Amino acid sequence: MGGKYKLLPQILPIFPQEINTFVDVFAGGGNVGINVSCKKLILNDNLTHLINLYKFLKENKKENIISYIENKITELNLSKYNLDGYLELRSQYNTNKNPIDLFILAAYSFNHQIRFNNSHQFNTPFGKERSCFNPIMKNNLLSFIERLQFGDVEISNLSFELLNYDKLDEHDFVYFDPPYLITTGTYNDGKRGFKGWSEIEEKQLLSTLSYLDNKGIKFALSNVLEHKGKVNSLLFDWVKYNKYKVHDLNYNYNNSS
């Protein structure tokens with residue numbers, strides 16, 4: 001939920017055709033970054049446990065990963081109806097923080113969400129009668145692993161303002177899909193057990209984008225200008241002042257609760 005996969009046909013044509021280094025600053029599920037054609041890919045997110053999962057997928061054989069997942073499903077009798085099995089897996093993960101268990105949890109969690117409490121305990125509820133590890137998800141995972149293990153892929157775990165943008169130039173491209181200041185989806189409130197998102201972070205982000213623009217480094221920002229009567233005036237005024245180009249995306253998440 002909140003991923004950009006369904007929007008890729010609208011997003012990718014806007015990006016430059018030739019990119020040396022593509023930086024996915026708020027990578028989340030990585031949908032954008034792994035589908036961009038580039039010489040080097042940097043996936044970054046401040047959600048430490050998610051980044052640990054990506055590092056695990058990059059460093060281990062895909063056959064062993066799939067074998068572990070299928071054995072764990074059998075061991076706990078995981079299904080879209082077995083709450084007890086899901087809770088047992090959640091307990092195991094919160095105790096051991098085995099990275100691949102986070103993927104399995106997300107496969108069976110409500111709307112496949114990844115969320116932690118302030119103690120960094122995974123606390124997403126069970127996706128009863130909806131969520132499970134299925135053949136489509138398996139194929140997507142295999143493709144994801146292959147992309148992580150192919151070519152020059154760097155995985156990092158930094159807050160956006162701490163990334164080193166100085167090594168980038170006009171042949172690179174930076175993509176930002178931050179938490180949205182005026183929406184309330186649990187997947188993008190910026191917390192997830194980690195740093196929240198307020199006007200302070202919003203101003204820091206816009207300052208970072210202006211810095212990139214002044215250096216001649218191309219970027220794209222996915223965000224929401226208006227939502228249910230609210231207007232992100234900070235963003236609106238910044239776009240207008242700098243005369244940035246805005247592309248409207250046609251999106252629909254009716255299937256989400």
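## Where helix 3 meets helix 5

I65, Y68, I69, K72 and I73 of helix 3 come together with I100, D101, F103, I104 and Y108 of helix 5. Sorted by class, this contact holds eight nonpolar residues and two charged ones, with no polar residue taking part. As you look at this pair, please keep in mind that the model is a predicted one.

The axes of helix 3 and helix 5 lie 10 Å apart, and the two helices pack at an angle of about 55°. That angle makes helix 3 oblique to helix 5. The handedness of the crossing between helix 3 and helix 5 is right-handed.

## Two loop residues with positive phi

N77 sits in the loop that links helix 3 (62–76) with helix 4 (83–96). Although N77 is not a glycine, its phi is positive, at about 55°. N77 counts as exposed because its relative accessibility is 54%, where the cut-off for exposed is over 50%.

K97 belongs to the loop between helix 4 and helix 5 (99–108). Here too a residue other than glycine has a positive phi, with a value near 55° for K97. The relative accessible area of K97 is 24%, so K97 is partly exposed.

Five strands build an open sheet with parallel pairing, and their order across it is 3-2-1-4-5. Strand 3 (152–156) and strand 5 (218–221) are the edge strands, each pairing on one side only. From one strand to the next, the twist averages 15°.

Strand 1 and strand 2 run parallel and are joined by four bridges, with F22 standing opposite L41 of strand 2. Strand 1 also runs parallel to strand 4 (residues 173–176), and three bridges join the two. The bridge partner of F22 in strand 4 is F173.

## Helix 7 alongside helix 8

Which way do helix 7 and helix 8 run relative to each other? The axes of helix 7 (residues 199–214) and helix 8 (residues 233–242) come within 10 Å and cross at roughly 15°. The two helices are therefore roughly parallel to each other, as angles under 35 degrees count as roughly parallel. Their crossing is right-handed.

On the helix 7 side, the contact is made by E199, E202, K203, L206, L209 and S210, while helix 8 contributes L234, L235 and W238. By class, this contact of helix 7 with helix 8 has five nonpolar, one polar and three charged residues.

## Two further residues of helix 7

T208 is found in helix 7. With a relative accessible area of 10%, T208 is buried, since buried means under 20%. Leaving aside residues up to four places away in sequence, T208 touches F160, Y165 and F176.

Q204 is also found in helix 7. Is Q204 buried, partly exposed or exposed? Its relative accessibility is 33%, so Q204 counts as partly exposed. Between the C-alpha atoms of Q204 and L235 the distance in space is 12 Å, while the two residues are 31 residues apart in sequence.

D248 is exposed, with a relative accessible area of 72%. D248 and G28 are 220 residues apart in sequence, and their C-alpha atoms are 21 Å apart in space.

Technical notes
Residues are numbered from 1 along each chain as its sequence is written. This is a predicted model: local features need pLDDT of at least 70, side-chain atom pairs count only at pLDDT 80 or more; totals for chains, interfaces and linings use all residues. Side-chain values use heavy atoms; hydrogens and water are left out. Two strands pair if DSSP finds at least two bridges between them. Axes are lines fitted to C-alpha atoms, for helices over the stretch in contact, and angles run from 0 to 180 degrees between N-to-C directions. Angles under 35 degrees count as roughly parallel, over 145 as roughly antiparallel, 65 to 115 as roughly perpendicular and the rest as oblique. A crossing is left-handed if the near helix is turned anticlockwise from the far one by less than a right angle, and right-handed if clockwise. Contact means heavy atoms within 4.5 Å. Ala, Val, Leu, Ile, Met, Phe, Trp, Tyr, Cys and Pro count as nonpolar, Asp, Glu, Lys and Arg as charged, and the others, Gly among them, as polar. Buried means under 20% relative accessible area, exposed over 50%, partly exposed in between (1.4 Å probe, protein chains only).
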